Amino acid sequence: MQRVGRSIHAAFPTRPRHPLRALDVKAMEMAAEDQELRAALFRFVDVTPACTSFEDLARHLTAYLGEVDERPPPIEAAMRMSGTKPGRAALGAAAAAGVRHMAHRFIVGETPGAALRHIRRLWDHGAAVSLDLLGEATVTQPEADRYAARCLDALETLAEAAPRWPERPVLERDSLGSLPRVNVSVKVSALSPLLRPEAPEVGRDDAARRMRPLLLRAKQLGAHLHIDMESVDTLEATMQLVFEVLDEPRLRDGPSTGIVLQAYLRESPEQLEQVIAWAQSARREPPLVVRLVKGAYWDHEVVEARQHGWTPPVFERKSESDRNFELLTRRLLDGWPHVRPAIASHNLRSVAHAVAANRAAGRSDQDLELQVLRGLGDDLAAALADEGMRVRIYCPVGDMVAGMAYLVRRLLENTANESFLSDLQRGVGVEELLAAP
Ligand SMILES: Cc1cc2nc3c(=O)[nH]c(=O)nc-3n(C[C@H](O)[C@H](O)[C@H](O)COP(=O)(O)OP(=O)(O)OC[C@H]3O[C@@H](n4cnc5c(N)ncnc54)[C@H](O)[C@@H]3O)c2cc1C
């Protein structure tokens with residue numbers, strides 16, 4: 001098992017090797033310590049795909065960095081380089097390479113076909129994946145059609161390759177039965193441009209007509225389709241969409257499907273009760289998978305609510321989200337066998353609590369799935385695979401333009417003041433990291 005874990009690192013090294021990899025890690029470390037620098041770098045990453053030349057990139061980079069009052073020495077050096085045309089070209093090239101390296105840390109390939117080799121290596125070394133097609137909220141119907149077609153292609157491509165993967169009983173079976181090798185995550189906001197809180201039923205119906213063929217194909221292929229959760233204004237439409245479509249007679253007995261519950265939401269305990277009640281009455285076969293996360297849109301939810309003078313729908317102290325995550329973990333484990341629990345976190349305390357609670361409930365480790373994001377949770381995935389746990393790595397696929405919103409979210413997470421990973425990076429001690437929230 002030790003060997004298996006180390007091989008995951010070999011397949012997906014996250015530690016700096018190439019000098020440019022060191023550069024993007026350094027940029028993230030500096031950004032974690034300085035709010036102004038962090039904002040400047042995020043704005044730069046966001047604008048990168050629209051830049052037409054290295055000079056253009058350098059101009060944007062220095063314009064954003066120029067707004068930072070106290071610039072660390074490497075940033076000062078970059079500013080000085082921008083004084084001449086060749087300097088700007090060199091700076092632009094280095095910046096482009098830096099962003100590309102950062103993106104490759106989180107994004108597994110440009111297409112499902114291109115990602116197959118990596119997915120196979122992860123499988124060989126003890127980790128399953130869920131493939132995510134990058135491309136956030138769509139604004140036109142043809143864009144939504146294209147997204148649905150890409151999801152279909154991902155299902156087909158993985159299903160064609162998966163039979164050649166070697167047997168991995170830990171990843172393929174729990175005590176309720178078999179688990180699909182092929183697993184794709186989809187976003188409802190990408191399946192319809194009409195998803196609006198003012199008229200949820202319009203977006204829901206539009207997304208449903210693209211989700212149905214995906215579910216039916218997943219059923220034929222024996223694949224799993226997971227519906228991600230996004231900002232709170234699409235939550236109701238997403239939950240209703242999933243319940244309604246899965247209640248249709250031809251989808252009651254498959255495919256394996258999952259939804260996401262966000263523990264940072266104040267109303268998440270009620271939402272989990274709704275999910276468990278639905279799962280108990282639907283008696284779906286195979287059971288619904290519930291991926292428990294803390295939630296990736298915290299800044300967005302707080303800013304949006306404050307702009308309207310509302311109380312944010314999310315907890316405002318991280319310890320509240322952490323505590324709620326543990327509470328929901330225990331409730332989710334109670335929902336077995338009507339729901340299959342998937343605990344998605346990079347926080348060692350949250351993960352350890354889930355493993356301990358599952359064992360305390362008298363269940364085998366085999367009946368608990370642990371999930372991490374590619375690029376953020378590789379070390380944890382390796383350690384959990386070493387322990388013989390079932391691990392799934394969420395692997396985004398797509399091009400740089402489509403990937404920018406995803407990349408910015410992951411960078412926000414990695415450099416946030418309140419995050420397990422930034423605490424770990426800052427050298428906070430193990431006892432404090434593992435303390436009850
Ligand atoms: C496999 C996988 C799939 C995922 N899918 C989704 C998805 O579909 N939808 C989605 O929204 N997210 C998703 N996420 C992201 C997830 O919601 C978290 O953003 C991420 O995992 C960080 O949480 P953590 O437990 O790993 O880390 P931690 O550092 O323990 O927690 C960080 C989280 O705490 C919360 N938080 C931070 N500051 C505060 C504060 N001041 N007050 C209250 N809460 C705060 C935020 O949710 C933040 O993301 C997924 C994560 C994984 C691993």
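Where does Pro 255 lie? Pro 255 sits in the loop between α12 (235-246) and β6. Helices here are DSSP runs of H or I with at least four residues, strands are runs of E with at least two, and both are numbered from the N terminus.

Hello everyone, some ground rules before we go on. Residues are numbered from 1 along each chain as its sequence is written. The model is a predicted one: local features need pLDDT of at least 70, side-chain atom pairs count only at pLDDT 80 or more, and totals for chains, interfaces and linings use all residues.

Back to that proline. Gly 254 and Pro 255 are joined by a cis peptide bond, with omega about 10°. A cis bond also joins Glu 285 and Pro 286, where omega is about 5°. Pro 286 belongs to the loop between α13 (268-282) and β7 (288-293). Arg 283 lies in the loop between α13 and β7 too, and its phi is positive, near 45°, although this residue is not a glycine. For background, most residues other than glycine have a negative phi, and most peptide bonds are trans.

Is Arg 283 buried or exposed? Arg 283 counts as exposed because it has 9 C-beta neighbours inside 10 Å. The rule is that a residue is buried with 20 or more other C-beta atoms within 10 Å of its own, exposed with 12 or fewer, and partly exposed in between, with C-beta atoms placed from the backbone.

Now to helix α12. Its end C-alpha atoms are 17 Å apart, which agrees with the 16 Å that its twelve residues should span at 1.5 Å a residue. That expected span is 1.5 Å times one less than the number of residues. Buried residues in α12 include Leu 235, Met 239 and Leu 246. Among the elements covering the buried residues of α12 are α10 (188-191), α11 (200-221) and β6.

Helix α10 holds Leu 191. With 25 C-beta neighbours inside 10 Å, Leu 191 counts as buried. Leaving out residues up to four places away in sequence, Leu 191 touches Ala 144, Tyr 147, Ala 148, Val 186, Ala 207, Arg 210 and Met 211. Contact here asks for C-beta atoms, placed from the backbone, within 7 Å.

Next, please find strand β10 (residues 390-397). How many of its residues are buried? Eight of its eight. Both faces are covered, with Arg 390, Arg 392, Tyr 394 and Pro 396 on one side and Val 391, Ile 393, Cys 395 and Val 397 on the other. Strand β1 (residues 128-133) pairs with β10 in the parallel sense over six bridges, and Asp 132 has Pro 396 as its bridge partner. Pairing needs at least two DSSP bridges between two strands. Strand β9 (residues 369-373) runs parallel to β10 and is joined to it by five bridges, with Leu 370 opposite Val 391.

Finally, the ligand. Of the 33 residues around the ligand, Asp 228, Val 293, Lys 294, Ser 345 and Asn 347 come nearest. To be near, a residue needs its C-beta atom, placed from the backbone, within 6 Å of the molecule or strand. The elements giving two or more residues to this shell are β6 (256-262), α15 (318-334), β9 and α19 (420-425).

Technical notes
Contact = placed C-beta atoms within 7 Å.
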